[in-house]
Amino acid sequence: MKRALGLGVEKIVQEVLDSGLRGRGGAAFPTGIKWKTVLGAKSGQKYVACNADEGDSGTFSDHMIMEGDPFVLIEGMTIAAVAVGATRGYIYVRSEYPHAFAALQKAIRVAESACYLGENVLSSGKIFHLEARLGAGSYVCGEETAMLESLEGKRGMVRAKPPLPALSGLFGQPTVINNLISFASVPIILARGADFYKNYGVGRSRGTLPIQLAGNIKYGGLVEKAFGLTLRELIEGFGGGTASGRPVRAVQVGGPLGAYLTDKQLDTPMDYEALAAIGGMLGHGSMAVFDDSVDMARQASYAMEFCALESCGKCTPCRIGSTRGVGVIDKIVAGSGSEVDKQIAFLRDLCNTMVNRSLCAMGNMTPYPVLSALNHFPEDFKGIPVRSAA
């Protein structure tokens, strides 16, 4: 923070830009570009908002930071505020994290008493007031515009873009929105410099990522490593293989909307572009492991059911498509012969509509696990064989 105050706003933003830091919430958008956009926006009031609505199953890195080291988040957000000229900030905390919420509130009070927040941050003349807000219990509020709606006291529903939140965000003002891990990465960049940070990782995936190991795995937990380790190294080297001792059949990377990858794809590195090249995504850095006893048709049905339950309901493809998808998969599993082929074709068409016509990533990405299950594990969708007339 002290180094940032001595650099000046443009140099702070440039340092973050040069580091190669990208959004850790899943979209992987360059953090420095967001900050530069907000810095250049003309407004009498700007905001900084942290998206800590960690709703993906099998994720807990945000949780651990909030309870274990909340000051690194507060410092990262304060640096962002100084860089773009924001005077108020909000941490949107998942409603299921009451202990994390309490820890943040206490840490904010401590930071205020030590002049790291408030009317005169470290005697610099900079103003930054920070509040923690408890979420509304909605998965879709993890999407940045739905989070803004919730922060404003409205129902958490996705906004159409443009305008981008960087230009018209919270209460219609320019707003920096980043994931908690993104903000928590900023202090080390400002302390050690952009070159130090970008020398970790591979390709365009720079720095480190807390990777969460969950599901059917012997040693579940959190591993923070530079980008580039393979899925196999993480599952076998750090996770010890499956908890059941059976072979790995599938791995879902990136939360409940991530694609299912096969055991033949385990040598893929944890890298945004490498995973995208095989139809996957890195998301928030979670991995759910399944052994060879898993029913992938059932997993595909779960993905659609999850979307049906958590959709904000604003757009038709997501709201209706997910509900219809559950019914279609049930028909496939219970069907037989040519009827199964017709229903599979219909399911693919339905997924295509959701991918291309949904308003936000909730509907866009729900088909990813469904299509990957269909493509990689077709034997689980064969239904009941047709019995001969004899």
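1. How many bridges join strand S1 to S4, and do they run parallel or antiparallel? Five bridges join S1 (residues 47-52) to S4, and the two strands run parallel. Within this pair, Asn51 stands opposite Asn179 of S4. Helices (H or I, at least four residues) and strands (E, at least two) are DSSP runs, numbered from the N terminus, and two strands pair if DSSP finds at least two bridges between them.

2. On the source: this is a predicted model, in which local features need pLDDT of at least 70 and side-chain atom pairs count only at pLDDT 80 or more, while totals for chains, interfaces and linings use all residues. Residues are numbered from 1 along each chain as its sequence is written, and side-chain values use heavy atoms, with hydrogens and water left out.

3. The S1-S4 pair belongs to an open sheet of four strands in the order S3-S2-S1-S4, with parallel pairing. Strands S3 (129-134) and S4 (175-179) stand at the edges with a single partner strand each, so one side of each is left without a neighbour in the sheet. On average, neighbouring strands here are turned by 20° against each other, direction ignored. Axes are lines fitted to C-alpha atoms, for helices over the stretch in contact, and angles run from 0 to 180 degrees between N-to-C directions.

4. Helix H7 (residues 144-151) lies across S1, S2 (88-93), S3 and S4, and runs at about 110° to S1. Contact means heavy atoms within 4.5 Å. Eight of the eight residues of H7 are buried, so the helix is largely enclosed by the rest of the structure; buried means under 20% relative accessible area, exposed over 50%, partly exposed in between (1.4 Å probe, protein chains only). Among the buried residues are Glu144 and Glu149. The cover over H7 includes helix H3 (31-40) as well as S1, S2, S3 and S4. Just after H7, Gly153 takes a positive phi of about 90°.

5. Lys46 sits in the loop between H3 and S1. Is Lys46 buried or exposed? Lys46 is buried, with a relative accessible area of 7%. Leaving aside neighbours within four places in sequence, Lys46 is in contact with residues including Val38, Leu39, Ala86, Arg88 and Pro174. Of these, Ala86 is 40 residues away from Lys46 in sequence, yet their C-alpha atoms are 4.4 Å apart.

6. There is also an open sheet of five strands, in the order S8-S7-S11-S9-S10, with mixed pairing. Its edge strands, S8 and S10 (260-262), each pair on one side only. Neighbouring strands are turned by 30° against each other on average, direction ignored. S11 (residues 286-291) is mostly covered, with five of its six residues buried. Four bridges join S7 to S11 in parallel, and Ala214 has Ala288 in S11 as its bridge partner. S9 (residues 248-253) and S11 run antiparallel and are joined by five bridges, with Ala250 opposite Phe290. Helix H10 (residues 231-238) lies across S7, S8, S9, S10 and S11, at about 70° to S11.

7. The largest pocket holds about 1,300 Å³ of space. On a 1 Å grid over the protein atoms alone, a cavity is a set of points where a 1.4 Å probe fits but cannot get out, and a pocket is an open set with protein on both sides within 12 Å along at least five of seven lines; lining residues have an atom within 4 Å of a point. The lining of the largest pocket has 50 residues, and Gly25, Gly26, Ala27, Gly142 and Glu143 lie nearest the centre. H3, S4, H11 (272-277) and H15 (361-365) each supply at least two lining residues.

8. The second largest pocket has about 360 Å³ of space. Its lining is made of 18 residues, with Ala184, Ser185, Ile188, Thr208 and Glu224 nearest the centre. Elements that each supply at least two of the lining residues include H8 (180-192), S7 (208-215) and S8 (221-226).

9. A search of the whole structure finds one cavity of 30 Å³ or more. About 50 Å³ of space lies in the largest cavity; grid points are joined across faces, edges and corners, and a volume is the space filled by probe spheres set on the points. The residues that line this cavity include Cys312, Cys315, Cys318 and Cys360, along with Lys314.
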